[in-house]
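Hello,

Here is the structure I promised to pass on to you. Please open it first, and then read my notes below alongside it.

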Amino acid sequence: MMIANWPLLELGIALELILGLALGIAVSASFFWGLNYGITQALDSPHPSRTLLMSFVLRMALLLGVGFALAAVSASLWPLFGYVLAFFVVRTVSIRRARRAILAASTDKGTLDARQ
């Protein structure tokens, strides 16, 4: 009797990597959206540390839970490699967008100060 041996449908390496990338992009985008939402809520909260802690716990549970589930059902590490790679790609894009927004806000403020 075999107990649930679930290799990830015996896909090729490229398909396994693409699956990990696709899942990783979705989960990582949710992770960083949750970070943004948690920070904005914490700014208006009377107890920002509780808000940030709850945000962190929920985001990390999602990120690690999906990662562990992906590792559990896959026969190789390629989907997990794609998942981690997608996280770092989304992280890089998020940081660049945040820096660009900060730069644009400071530039706009500088032009407003110069007019006054």
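Let me start with contacts (heavy atoms within 4.5 Å). Among contacts in the protein chain between residues at least 6 apart in sequence, 72% join residues at least 24 apart.

A word on where this comes from: it is a predicted model, in which local features need pLDDT of at least 70, side-chain atom pairs count only at pLDDT 80 or more, and totals for chains, interfaces and linings use all residues. Residues are numbered from 1 along each chain as its sequence is written, and side-chain values use heavy atoms, with hydrogens and water left out.

The pLDDT is the predictor's confidence in each residue, from 0 to 100. The protein chain averages 87, and 84% of the residues score at least 70. Where pLDDT is low, the predicted coordinates should not be read in detail.

The fold has three helices and zero strands (DSSP runs numbered from the N terminus: H or I of at least four residues for helices, E of at least two for strands). Of these elements, α2 has the highest mean pLDDT (95) and α3 the lowest (86).

Now for the pockets. On a 1 Å grid over the protein atoms alone, a pocket is an open set of points where a 1.4 Å probe fits, with protein on both sides within 12 Å along at least five of seven lines; lining residues have an atom within 4 Å of a point. The largest pocket holds about 380 Å³ of space, a volume being the space filled by probe spheres set on the points. It is lined by 13 residues, and F32, N36, S94, R97 and A98 are the closest to its centre.

Finally, look at S74, in the loop between α2 (48-73) and α3 (78-115). Is S74 buried or exposed? S74 counts as buried because its relative accessibility is 11% (buried is under 20% relative accessible area, exposed over 50%, partly exposed in between, with a 1.4 Å probe and protein chains only). The side chain of S74 reaches the backbone oxygen of L70 at 3.0 Å and that of S76 at 2.9 Å. Across the 116 residues of the protein chain, 21% count as buried.

Enjoy exploring!

Terms used
Polar contact = N/O pair within 3.5 Å; in protein donor to acceptor, adjacent residues only side chain to side chain.
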